[in-house]
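Dear colleague,

Please find below the structure for your review. My notes on strand pairing and aromatic contacts follow it.

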Amino acid sequence: YFGYSFCPDICPVDVQKLMRGLSQFEKTDAARGAKVVPMFITVDPERDTPAALKSFVGRYHPRLIGLTGTPEQIAAVAKAYVVTYNKVP
């Protein structure tokens, strides 16, 4: 999932739904569910520090990984997954 932890409305709801789905999948098919690596990739690295992401992802699933990087690294990953985003002041 690409988003940012300071998102007040959309990101928390989406991540919560995705992680509930993953938890259900893990219950119904533990072997395959264990192979899924859930990731939250920030598009706001200035505010989403590793500490902020750790706190954010910890609320949703014990295996959810929070990833950050330089703006250039994030742009490259977003491009590889055909994700578009814009920072609005």
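Two strands are taken to pair if DSSP finds at least two bridges between them. Please note that this is a predicted model.

By that rule, strand S2 (residues 39-42) and strand S3 (residues 65-67) pair in the parallel sense, with 3 bridges. Within this pairing, isoleucine 41 has leucine 67 in S3 as its bridge partner. Between S2 and S3 the chain passes through helix H3 (residues 50-58), and this β-α-β crossover is right-handed. S2 also runs parallel to strand S1 (residues 2-3), to which 2 bridges join it. There, glycine 3 is partnered by threonine 42 of S2.

Turning to the aromatic rings, the count comes to 4 aromatic pairs. One of them is the stacked pair of tyrosine 1 and phenylalanine 40, at 5.9 Å centre to centre and with 20° between the planes. Tyrosine 1 belongs to the segment before S1 and phenylalanine 40 to strand S2, so this pair ties together parts that are 39 residues apart in sequence. Tyrosine 1 counts as partly exposed, at 28% relative accessibility, whereas phenylalanine 40 is buried, at 0%.

A tilted pair is formed by phenylalanine 56 and tyrosine 60, with 5.1 Å centre to centre and 55° between the planes. Phenylalanine 56 has a relative accessible area of 1% and is therefore buried, the cut-off being under 20%. Tyr1, Phe40, Phe56 and Tyr60 form one aromatic cluster.

Yours sincerely

Definitions and conventions. Residues numbered from 1 in each chain as written. Predicted model: local features only at pLDDT ≥ 70, side-chain atom pairs only at ≥ 80, totals over all residues. Heavy atoms only, no water. Helix = DSSP H or I, 4+ residues; strand = E, 2+ residues; numbered from the N terminus. Right-handed = clockwise from strand over helix to strand, strands pointing away. Phe/Tyr/Trp six-rings, centres within 6.5 Å; stacked < 30°, edge-to-face > 60°. Buried < 20%, exposed > 50% of the residue type's maximum accessible area, 1.4 Å probe, protein only.
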